[in-house]
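Here are my notes on the model, as numbered points. Please read them with the structure open.

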Amino acid sequence: MEDYTAKMRKSSARHHAKWPYQISRVATFMVSIAGQIEALIAAQNLTPGDRLPSERQLAADLGVSRPTLREAIRQLASRGLLVSRHGGGTFVSAPDASDPLRAALLPLASLARSEAGYWRDVMEIRKLIEGETAYFAALRADETDRKRLADAYQAVVNAKADDLDSQARLDAAFHMAVCTAAHNVVLQQVMSGLLGLLEASISESLRGLYHLPGILDELNDQHREILDAVVGGDADASRDAAGRHLAFVEDRLQRIEDDTQRQRRASRAQQHIAQE
């Protein structure tokens, strides 16, 4: 069986001619790293004034070098999202309302955290977008993209089962790696915002999701299907794998929500009976 390096080389040569655009690969990669940092901020519910993990920890989590991380942080700082203090670390600052995309998504963040069931709206959009994202990733990914995606997948697999914050962060990083491979900068920014909103809206459900018996193995298998399809250059299989994955996650989150509501109804009924 061919190893991933050999498959990457063959597929890169096969699909290179299909990518006619002249977007800088470095610039695209940096947008991806910046997007993953934004997803981390949302996943950990960091607010203005909160400090990001250390540079060493953040670079390890994202699988990038520290100079690359610093450049991504500088990009976010230039947009007014982060502020670096010499010797003191990097902190979240108030979002720049002049950024049209963030200005559109920012009002939804508090709603996502407080409105029960809001995650369904975000999931609908993800289902519309991520299948096509995986489709184009399979067509446009080069060797660097495939290596990054394989590394992102392995990071999810290697994450500690009891470290739910890391699980959520690395899961988001995997999906951002797929998005990066599609080589559409606008799409990357949109996906970054959507992942952040999803994580904000299902913070408690996400914890419940990761506690389901056998869920990590099932999610890892689904991520592997996406990885194999993208690396193999099979666009239709990539789209289908992404769709099945999101449908599975949606179903499990709905079950968790239903169980939670059922328990609340039972608790209220017991309290009512006890008062009679």
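1. Start with the contact of H11 with H12. On the H11 side, the residues are Ile 215, Glu 218, Leu 219, Gln 222, His 223, Glu 225, Ile 226, Ala 229 and Val 230. They meet Ala 237, Ser 238, Ala 241, Ala 242, Arg 244, His 245, Phe 248, Val 249 and Arg 252 in H12. By class, this contact has 10 nonpolar, 4 polar and 4 charged residues.

2. Now the geometry of that pair. H12 covers residues 235–275, and the axes of H11 and H12 come within 7 Å. They cross at roughly 160 degrees. Angles over 145 degrees count as roughly antiparallel, so H11 and H12 are roughly antiparallel to each other. The crossing of H11 past H12 is left-handed.

3. A word on confidence. This is a predicted model. The mean pLDDT of the chain is 78, and 73% of the residues score at least 70. Among the elements of the chain, H11 (residues 215–231) has the highest mean pLDDT, 95. Helix H1 (residues 4–16) has the lowest, 41. Over residues 1–27 the pLDDT is below 50. That stretch still has 35 contacts in the model beyond near neighbours in sequence.

4. H11 also packs with H7. Helix H7 spans residues 143–158, and its axis comes within 10 Å of the H11 axis. The two cross at roughly 170 degrees. H7 and H11 are therefore roughly antiparallel to each other.

5. Which residues of H7 and H11 meet? H7 supplies Arg 146, Leu 149, Ala 150, Tyr 153, Val 156 and Val 157. H11 supplies Asn 220, His 223, Arg 224, Leu 227, Val 230 and Val 231. The contact of H7 with H11 divides into 8 nonpolar, 2 polar and 2 charged residues.

6. H8 is another partner of H11. Helix H8 runs over residues 164–181, and its axis is 11 Å from that of H11. The packing angle is about 15 degrees. H8 and H11 are therefore roughly parallel to each other. H8 passes H11 in a left-handed crossing. From H8, the contact uses Gln 167, Asp 171, Phe 174, His 175 and Val 178. From H11, it uses Leu 216, His 223, Ile 226 and Leu 227. The classes here are 5 nonpolar, 3 polar and 1 charged.

7. Last, the salt bridges. The whole structure has 15 of them. Arg 66 lies in helix H4 (residues 66–78) and Glu 55 in helix H3 (residues 55–62), so the pair ties together parts 11 residues apart in sequence.

Note on methods: Residues are numbered from 1 along each chain as its sequence is written. This is a predicted model: local features need pLDDT of at least 70, side-chain atom pairs count only at pLDDT 80 or more; totals for chains, interfaces and linings use all residues. Side-chain values use heavy atoms; hydrogens and water are left out. pLDDT is the predictor's confidence in each residue, from 0 to 100. Helices (H or I, at least four residues) and strands (E, at least two) are DSSP runs, numbered from the N terminus. Contact means heavy atoms within 4.5 Å. Axes are lines fitted to C-alpha atoms, for helices over the stretch in contact, and angles run from 0 to 180 degrees between N-to-C directions. Angles under 35 degrees count as roughly parallel, over 145 as roughly antiparallel, 65 to 115 as roughly perpendicular and the rest as oblique. A crossing is left-handed if the near helix is turned anticlockwise from the far one by less than a right angle, and right-handed if clockwise. Ala, Val, Leu, Ile, Met, Phe, Trp, Tyr, Cys and Pro count as nonpolar, Asp, Glu, Lys and Arg as charged, and the others, Gly among them, as polar. A salt bridge is a side-chain nitrogen of Lys or Arg within 4 Å of a carboxyl oxygen of Asp or Glu.
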